[in-house]
Amino acid sequence: MTSSPDTTATAHPGWSRLAIWGLGVAGATMLAVFEWLKMRSMVPPEARSVYWVWQWGSWLLWAPVVPLAYPLVRRMITARARPAVLVLTLIAGFMATMLYWSAGRAILSRFTGPPSVRKMPVGRVFVNHCKGVILPGVYYLGIVGILGTIELRRRLRREALSAARIEAELARAELDQMRVQLHPQLLDDTLKTTADFVRSGASTQAVQLLARLSDVLRLTLATLGQERVALGQELEFLQAYLALQQIRHPGRLRSRVDIQPAALTAEVPSLALFQLAELPASPWEGALELSAAVADDRLRVRLHQLAAAQPGVEVTEAADRLVHLRQRLEQLYHGDHVLQVRHENAGLLCTLDIPLVHLESAELFPTDGLRAAAR
């Protein structure tokens, strides 16, 4: 069984050659102690030191097998070797290990060990040990099994981390796509409304509308690539969007915001409030009540959207948007969150409960105007 110097020098990040050798020596010493304690009473007192050296030396012969087998096991797992290749490699490794171990025991018998063994020729000791393949085979498979389990666990952990990174990148890409998709329809509707205001002589409304559109686009670009933002920043975006809709459709939407000052610096999933506000079938109509409070290291957000008082209009959940938001919350908080959406008082009540995490700096976003009670 051979391995290149590069692979044995650092078999894996975090597993140096010294660590692998230490693992082999520690395991051999522990097994030698256990075996010695089991048969110590059967050995005459005057011969105990000789027997102990023999047993310990015999077990230490297995120590070099660990650093030699580890790179081979690692390559087999990394390359996802086929069963036939794996079996042939194990057999070849066992044969090489058996020859090494038998030769080592034969040489060791010249210096220590039971008198019956020391009187035998070196060749006969070597052949006798080669014939007894059962116990060495069990030891060899045990070493390979332990090393394989360690490496397989490390590989699964690396794959899990890689999958988590891919999921995070995908979530960010989907979030950015959502932001980008807002622009074409928003620009088209806003510019058409602005043109109507200009033609009707309502220049003040036209200027206000363009200013709110500028705010929405600025805040969208400011959070590009961010999965979590401060609640104050999320509120600023939502209120800019609400102000734009209120200018386009005066009197159709009323909003009331009640946020604890301590909650403004808390982190929330980006665009989460916007997604919740868009759940009704006819969003941006009626009344929107938003509140947020901090308690017991949790952030609790409550968003209640009342439908416009129109006969026959029913508020329904947008299932695909809600599923997407639940997936994002699961990816960010791993089950440590609560999102409830239910019909209440002819509207839709959304409650979000997530761990409280404050931003390091509260000056990352402007907060002017966020504490207004109503519009």
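The model is a predicted one, in which local features need pLDDT of at least 70, side-chain atom pairs count only at pLDDT 80 or more, and totals for chains, interfaces and linings use all residues. Residues are numbered from 1 along each chain as its sequence is written, and side-chain values use heavy atoms, with hydrogens and water left out.

Begin by selecting residues 17-39, which form helix H2 (helices are DSSP runs of H or I with at least four residues, numbered from the N terminus), and pick out Trp-36 within that helix. Trp-36 counts as buried because its relative accessibility is 11%, buried meaning under 20% relative accessible area with a 1.4 Å probe and protein chains only. Show next Val-43, Arg-48, Tyr-51, Trp-52 and Gln-55, which Trp-36 touches when residues up to four places away in sequence are not counted (contact means heavy atoms within 4.5 Å). Between Trp-36 and Tyr-51, a C-alpha to C-alpha distance reads 8.5 Å, for a pair 15 residues apart in sequence.

Move on to helix H8, residues 134-199, and select Thr-194 there. With 8% relative accessibility, Thr-194 also counts as buried, and, leaving aside neighbours within four places in sequence, Thr-194 is in contact with Ala-206, Leu-209 and Leu-210.

For the last stop, select Leu-231, Ile-259, Leu-290, Leu-299 and Leu-339, the residues that touch the most other members of the largest nonpolar core, which has 49 residues; such a core is a set of buried Ala, Val, Leu, Ile, Met, Phe, Trp, Tyr and Cys residues joined through side-chain atoms within 4.5 Å. Helix H10, residues 231-248, gives the most to this core, with nine residues. A second, separate core of 17 residues can then be located from members including Leu-61, Val-65, Ala-69 and Ile-143.

Technical notes
Helices (H or I, at least four residues) and strands (E, at least two) are DSSP runs, numbered from the N terminus. Buried means under 20% relative accessible area, exposed over 50%, partly exposed in between (1.4 Å probe, protein chains only).
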